[in-house]
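Q: Could you take me through the aromatic packing and the core around it in this one? I'd like the cut-offs along the way.

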Amino acid sequence: MEVTPNWIKPVVAMLDAMPGVVAVQPKIKSFFEPAKFEYAGAAGGYIDVYGYPFCRGRIFDTIEKDEGQYNESNEIFWASGACFFVKASVFHEMGGFDEDLFSHQEEIDLCWRMKLKGYKVMYCPGAEVLHYGGGALPKSNPFKTYLNFRNNLIILTKNHPRRALRNMIFQRMILDGIAALRFLFTGNFGDFNAILKAHMHFYGSFRKTLKKRREVQATVTHPEVSAIYKRSIVRKYFLQGKHLFSQLDPRDFY
């Protein structure tokens, strides 16, 4: 990570000025292509109705140029683990990261749990960093695919409201199956196997995940959280050609 001059000051100012805000992400751009956002975080993270994560400035493999289109601060769903600030008192109150997630999406899980307690997560465009990217695992590594699919199912089960969870998991099984077949038909056998292994692990550890869910849900004070996209980002991206965050209808966000 390469930081820019005085990058910390705007973040600290935001945390001091907004008592309900406990985590802040700066603008994250590419170390190799500074004119573009970086895959891991860009201008703040969101999830769709099925739990798939995406960012302002990056949806799936489409990464936007930074042309000032996301220069306003706003509430986000998750702050990227590549670079974010979190108040230590709240981090410890939440029990920190879930160590079972290892390396991918543990920050999404943490932010979701914080939001279920009524806290806010913000994006601060006045602070900027350049991210090298793929520090733990390269983007094309099947193990990365495995972790992303496995961990996403775990955090969805832990944190999603009960009334929609069963239907949500069923639909995720279908969507993940389509993703696996897409990898298979394009010759990406490693990624195909990674999705299968992710689901097998998820089913095998389901009892443990349900125990974690009970622990999380027992402390929820704000079940309706903001910055969730009410539609399917998979459908919007692959079937309707909506590749930019600015093409998504703002009314479709909670």
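A: Here's a walk through the aromatic pairs, then the core and a helix contact.

First, the ground rules: this is a predicted model, where local features need pLDDT of at least 70 and side-chain atom pairs count only at pLDDT 80 or more, while totals for chains, interfaces and linings use all residues. Residues are numbered from 1 along each chain as its sequence is written, and side-chain values use heavy atoms, with hydrogens and water left out.

The count comes to 22 aromatic pairs, where rings of Phe, Tyr and Trp (its six-membered ring) pair if their centres lie within 6.5 Å, and planes under 30 degrees apart count as stacked, over 60 as edge-to-face and the rest as tilted. Take Phe37 and Tyr70: that pair is tilted, at 5.8 Å centre to centre with 50 degrees between the planes. Phe37 sits in the loop between β2 (21-30) and β3 (45-48) and Tyr70 in the loop between β6 (62-63) and β7 (74-75), 33 residues apart; helices (H or I, at least four residues) and strands (E, at least two) are DSSP runs, numbered from the N terminus. Phe37 counts as buried because its relative accessibility is 1%, and so does Tyr70 at 4%; buried means under 20% relative accessible area, exposed over 50%, partly exposed in between (1.4 Å probe, protein chains only).

Phe77 and Trp112 have ring centres 5.3 Å apart and planes at 75 degrees, so that pair is edge-to-face. Phe77 lies in the loop between β7 and β8 (85-86) and Trp112 in helix α3, so the pair ties together parts 35 residues apart in sequence. Both Phe77 and Trp112 are buried.

Phe37 and Tyr70 also belong to one aromatic cluster with Tyr46, Phe54, Tyr229, Phe245 and Phe253.

Now the core. The largest nonpolar core has 49 residues, and Phe54, Phe77, Met114, Ile233, Phe245 and Leu248 touch the most other members; such a core is a set of buried Ala, Val, Leu, Ile, Met, Phe, Trp, Tyr and Cys residues joined through side-chain atoms within 4.5 Å. Its largest share, six residues, comes from α3.

As for that helix, the axes of α3 (residues 106-116) and α4 (residues 142-159) come within 10 Å and cross at roughly 10 degrees, with axes being lines fitted to C-alpha atoms, for helices over the stretch in contact, and angles running from 0 to 180 degrees between N-to-C directions. Trp112 turns up here again, among the α3 residues making the contact (heavy atoms within 4.5 Å).
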